[in-house]
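Have a look at the sequence and the model below, then read on.

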Amino acid sequence: MGKISWMKLKGSQNLRLRLLLSTLSSTPILIEDIRADATWPGIRPHEVSFLRLLEKISDDCLVEINETGTKLKYKPGIVMGGKHLIHDCGVIRSIGYFLEPLILLGLFGKKPLCIRLRGITNDSKDPSVDTFRSTTLPILKRFGVNPEGLELKIESRGVAPGGGGEVILSVPILQDSLRAVTWIDEGMVKRIRGVTFSTRVSVQFENTMIHAARGIFNRLLPDVHIFTDHKAGLLAGRSPGYGISLVAETTSGCFISADNSVCYAQGEEEAEIEDEAMQDLMPPEDTGEEAAGVLLGEIEQGGVVDSTHQGLLFLLCALCPQDVSKVRVGKLSPYGIEVLRHIRDFLGVKFVIKPDPSTETVILKCVGCGLKNLSRKVS
């Protein structure tokens with residue numbers, strides 16, 4: 001066996017992104033100084049959980065973490081996919097943290113992926129499972145992913161701090177490669193859809209959120225439907241909470257989303273902040289209004305995706321065949337910029353970035369790296 005050449009990186013930032021790109025590009029990585037100067041140095045439980053997930057869906061991948069957790073060696077294996085897989089995501093980060101990389105890796109697997117994820121379905125840090133179902137999956141279809149077999153089923157809800165939610169993700173494999181896109185027409189908003197949820201609180205909270213959000217949208221367009229998804233008993237997870245997920249569909253088939261969740265604080269210092277959290281929970285009316293306001297802000301920025309989906313959009317463009325992809329986004333998000341830098345380092349794909357002053361949007365062009373699904377079974 002030849003000597004492994006490691007790509008050396010430092011720090012804890014964008015660890016999930018680095019592991020994803022390392023796996024897709026088959027590049028072994030060595031990360032040092034992971035929170036070396038922090039009070040609690042080293043890798044966090046949700047990052048360890050993500051590494052365990054990579055081991056679960058891959059064959060022959062190597063993970064080495066030193067005693068203090070400040071140094072990580074990761075040699076990617078072959079993404080196998082598979083059915084009947086189960087992974088507990090823990091309660092530090094929500095299932096949304098694990099879904100984005102999992103969807104991309106599933107496309108390049110040997111077999112279709114079907115995995116049951118347990119943990120927090122809705123929180124204020126990561127995109128909710130509703131947003132993934134209504135917005136992320138349609139983006140993949142635009143890049144030529146087969147809609148058959150691509151789905152996310154929400155079995156039960158779970159909010160912070162207790163979790164207890166379950167979803168089943170199914171991802172088909174790519175038969176060859178993605179499809180390059182020219183996607184610069186964001187169109188006009190033609191309808192707004194949404195869903196509210198509540199666990200272990202009154203169902204009336206959902207009606208209040210719907211009423212507040214509709215009060216804003218109905219001044220602008222008539223086609224607004226927000227559905228309710230009240231969970232009770234075992235399907236309601238272990239903690240009380242409520243929230244709303246909204247998506248605007250445009251005339252050119254773009255989906256712009258925003259979501260908002262309200263739950264009790266999570267983390268080690270739970271006991272100290274419990275009293276404050278009890279007072280600071282946002283009332284349902286404000287929750288609905290805030291989500292509506294955030295969605296209108298995303299629409300105003302322009303672009304074919306909202307700011308939380310910029311990173312995924314750039315990754316999909318970079319993984320396309322060696323053909324030109326051209327996309328329009330609103331103001332570049334900080335995470336979007338980090339994704340562009342990491343794509344350059346791992347895949348060697350550089351984007352041409354051109355601001356469009358007339359619409360205050362940005363047009364990005366790139367030639368994809370031509371990643372093919374070589375691990376799939378040839379029938």
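In the lining of the largest cavity, H4 is the top contributor, with 3 residues. Helices like this one (H or I, at least four residues) and strands (E, at least two) are DSSP runs, numbered from the N terminus. Keep in mind that this is a predicted model, where local features need pLDDT of at least 70, side-chain atom pairs count only at pLDDT 80 or more, and totals for chains, interfaces and linings use all residues. Residues are numbered from 1 along each chain as its sequence is written, and side-chain values use heavy atoms, with hydrogens and water left out.

What lines that cavity? The residues are Glu100, Pro127, Thr131, Phe132, Thr136, Thr308, His309 and Leu312. Searching the whole structure turns up 1 cavity of 30 Å³ or more. On a 1 Å grid over the protein atoms alone, a cavity is a set of points where a 1.4 Å probe fits but cannot get out, while a pocket is an open set with protein on both sides within 12 Å along at least five of seven lines; lining residues have an atom within 4 Å of a point. Grid points are joined across faces, edges and corners, and a volume is the space filled by probe spheres set on the points.

Ala, Val, Leu, Ile, Met, Phe, Trp, Tyr, Cys and Pro count as nonpolar, Asp, Glu, Lys and Arg as charged, and the others, Gly among them, as polar.

| Space | Volume | Lining residues by type |
|---|---|---|
| Largest cavity | about 60 Å³ | 3 nonpolar, 4 polar, 1 charged |
| Largest pocket | about 650 Å³ | 9 nonpolar, 13 polar, 11 charged |

The largest pocket has 33 lining residues, and the closest to its centre are Arg93, Lys125, Asp126, Pro127 and Thr308. Strand E15 gives the most to this lining, with 5 residues. Elements that each supply at least two residues include H1 (15-25), H4 (129-142) and H7 (284-301).

Now for the packing. The largest nonpolar core has 79 residues, and Phe143, Leu178, Trp183, Phe314 and Phe351 have the most contacts inside it. A core here is a set of buried Ala, Val, Leu, Ile, Met, Phe, Trp, Tyr and Cys residues joined through side-chain atoms within 4.5 Å. Buried means under 20% relative accessible area, exposed over 50%, partly exposed in between (1.4 Å probe, protein chains only).

Leu72 sits in strand E5 (residues 72-75). Why does Leu72 count as buried? Because its relative accessibility is 0%. Leaving out residues up to four places away in sequence, Leu72 touches (heavy atoms within 4.5 Å) several residues, among them Leu15, Leu19, Ile29 and Glu64.

Strand E18 (residues 361-367) is mostly covered, with 5 of its 7 residues buried. E18 pairs with E16 (residues 324-329) in the antiparallel sense over 6 bridges, and Val324 stands opposite Val367 in E18. E17 (residues 352-356) also pairs with E18 in the antiparallel sense, over 5 bridges; Ile353 has Leu364 in E18 as its bridge partner. Two strands pair if DSSP finds at least two bridges between them. The hairpin of E17 and E18 has 4 residues between the strands, and there Glu360 takes a positive phi near 55°.
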